[in-house]
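Let's take a walk through this structure together. Have the model open beside the text, and turn it as you read.

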Amino acid sequence: MKREFIKLAKAAQKAKLNAYSPFSKFRVGAALLTEDGTIYTGCNIENSSFGLTICAERVAIFNAISSGASKFTAIAVVSDNYGFTPPCGACRQVLSDLAGNIDFVMMDSKERFKTLKLTTLLPFAFSGKNLKRSLKLKK
Ligand code: THU
């Protein structure tokens, strides 16, 4: 396992401690690595209107982008579950759009790792390219 992924997972573990999850009681932490080695973290933040809850992965990438970062290489995710925590569909789409084909690093409670490329998690993804129109639309 790459040393940088271990460091990233440790940052995700630390971020998990800030999770606001009174409804699910399920804490998630994420840490996103930029090309220049900077780490941006996030945790899940729930809401009494459940649909407004945001996952740790999206908090991490919105944190990074709002801080001016743009080029990413990997994201690590840890949770309260003993096994690996894969990203939800919404996070796959957001990461695919904003971070591209990064490594998605999962660490379980025994500190074992599973790493998948984002294109494996979200093959044939929708992207900005699909918004290019080929037909002239009527007014
Ligand atoms: N959650 C994440 O933060 N990331 C994931 O990859 C899966 C789910 C959060 C959302 C919610 O606060 C809780 O976990 C239960 O779904």
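A polar contact here is a pair of N or O atoms within 3.5 Å; within protein, one atom must be able to donate a hydrogen and the other to accept it, and residues adjacent in sequence count only if both atoms are side-chain atoms. Please keep in mind that this is a predicted model: local features need pLDDT of at least 70, side-chain atom pairs count only at pLDDT 80 or more, and totals for chains, interfaces and linings use all residues. Residues are numbered from 1 along each chain as its sequence is written, and side-chain values use heavy atoms, with hydrogens and water left out.

With that in hand, let's begin at the ligand. A polar side-chain atom of E46 lies 2.5 Å from one of the ligand's oxygen atoms. For N44, a side-chain N or O atom is 2.9 Å from a ligand oxygen, while P86 places a backbone N or O atom 3.4 Å from an oxygen atom of the ligand. Taken alone, the ligand exposes 370 Å², and the protein buries 78% of that; these areas come from the Shrake-Rupley method with a 1.4 Å probe, and for residues only the protein chains shown count as cover. The residues around the ligand, meaning those with a heavy atom within 4 Å of it, include S24, F26, V28, T53, C55, P87 and C88.

Strands (E, at least two residues) and helices (H or I, at least four) are DSSP runs numbered from the N terminus, and two strands pair if DSSP finds at least two bridges between them.

With β3, β1 pairs in the antiparallel sense over 7 bridges, and L32 stands opposite I75 of β3. With β2, β1 also runs antiparallel, joined by 5 bridges, and here L33 has I39 as its bridge partner. The hairpin of these two strands has 4 residues between them, and G37 takes a positive phi near 95 degrees there.

S21 is buried, with a relative accessible area of 10%; buried means under 20%, exposed over 50% and partly exposed in between, using a 1.4 Å probe and protein chains only. A polar side-chain atom of S21 lies 3.4 Å from the backbone oxygen of F26. Not counting residues up to four places away in sequence, S21 touches F26, R27, N44 and E46, where contact means heavy atoms within 4.5 Å. N44 and E46 are also among the residues around the ligand.

Helix α2 (residues 56-66) has A56, E57, R58, V59, A60, I61 and A64 as its buried residues. Their cover includes β1 (28-34), β2 (39-43), β3 (72-79), α3 (89-99) and β4 (103-107). Just after α2, G68 takes a positive phi of about 100 degrees. In α3, the buried residues are C91, R92, V94, L95 and A99, with α2, β3, β4 and α4 (118-121) included in what covers them. Just after α3, G100 has a positive phi of about 80 degrees.

Let's finish with two serines. S79 is found in β3 and, at 9% relative accessibility, counts as buried. Its side chain makes a polar contact of 2.5 Å with the side chain of T85, and a polar atom of the S79 side chain is 3.0 Å from the backbone nitrogen of N81. S109 lies in the loop between β4 and β5, and a polar atom of its side chain is 3.1 Å from the backbone oxygen of Y82. Leaving aside neighbours within four places in sequence, S109 is in contact with N81 and Y82.
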